[in-house]
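Here are my notes on the model you sent. They cover the sheet and the pocket.

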Amino acid sequence: MLEKPRACKTIAEIEVGDRIVVEYEVTDEDLRRFAEISGDWNPVHFDDDYAGRSMFGQRIAHGMISLAKFSGIFGMDMPGLGTLWETQEVRFVGPVYLGKPYKAIAEVAEKERRRATINTWVEDADGTRVLEGKACVIPISEAVRKRMGA
């Protein structure tokens, strides 16, 4: 079933400090589906023995799975429908383990005439950041929103 965006904000409707938090955990199924799309079957994601001997001591998720959470945030919630994700800086600063709770957090840092800069990060249950970044998004214009009837 196709899920509809929950928001459709223009740049005028976004405020510095606006924040959204999405809670998630990564499953074996998520790993398999991401590997099918990306072609990344690195054994640190799939092989318990191999991963157990790695610097992580256990299997970890692909970092891009956590980064992809921001695609959902930008396209569905903030700003929502019609948003173009123009750029993303990212640093993967810690591992994401399977079956553990995480929060993807996006907070508006700056606004320009047509664009918003959004700080992006993922933290674990203890509040430790495992991903940090900064995105630039272009929200839907008022003219396009009217044409789309949104």
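**Notes on the sheet and the pocket**

1. Strand 5 is largely enclosed by the rest of the structure, because seven of its 10 residues are buried. Buried means under 20% relative accessible area, exposed over 50%, and partly exposed in between, with a 1.4 Å probe and protein chains only. Helices (H or I, at least four residues) and strands (E, at least two) are DSSP runs, numbered from the N terminus.

2. On the source: this is a predicted model, where local features need pLDDT of at least 70 and side-chain atom pairs count only at pLDDT 80 or more, while totals for chains, interfaces and linings use all residues. Residues are numbered from 1 along each chain as its sequence is written, and side-chain values use heavy atoms, with hydrogens and water left out.

3. The five strands make an open sheet, ordered 1-3-4-5-2, with antiparallel pairing. Strand 1 (19-24) and strand 2 (84-92) are the edges; each pairs on one side only. From one strand to the next, the twist averages 20°. Two strands pair if DSSP finds at least two bridges between them.

4. Now the pairings. Strand 1 runs antiparallel to strand 3 (residues 102-111), joined by six bridges. Ile20 has Ala106 of strand 3 as its bridge partner. Strand 2 pairs with strand 5 over eight bridges, also antiparallel. There, Trp85 is partnered by Val137 of strand 5.

5. Strand 4 and strand 5 are joined by eight bridges and run antiparallel. Glu123 has Arg129 of strand 5 as its bridge partner. The two strands form a hairpin with four residues between them. In the turn, Gly127 has a positive phi of about 85°.

6. What packs on the sheet? Helix 4 (residues 63-77) does, touching strand 1, strand 2, strand 3, strand 4 (116-124) and strand 5 (129-138). Contact means heavy atoms within 4.5 Å. The direction of helix 4 makes about 150° with that of strand 2. Axes are lines fitted to C-alpha atoms, for helices over the stretch in contact, and angles run from 0 to 180 degrees between N-to-C directions.

7. Which residues line the largest pocket? They are Glu25, Val26, Asp30, Arg33, Phe34, Ile37, Ile65, Ala68 and Lys69. By class, five are nonpolar, none polar and four charged. Helix 1 (28-38) and helix 4 each supply at least two lining residues. Helix 1 gives the most, with four.

Notes:
On a 1 Å grid over the protein atoms alone, a cavity is a set of points where a 1.4 Å probe fits but cannot get out, and a pocket is an open set with protein on both sides within 12 Å along at least five of seven lines; lining residues have an atom within 4 Å of a point. Ala, Val, Leu, Ile, Met, Phe, Trp, Tyr, Cys and Pro count as nonpolar, Asp, Glu, Lys and Arg as charged, and the others, Gly among them, as polar.
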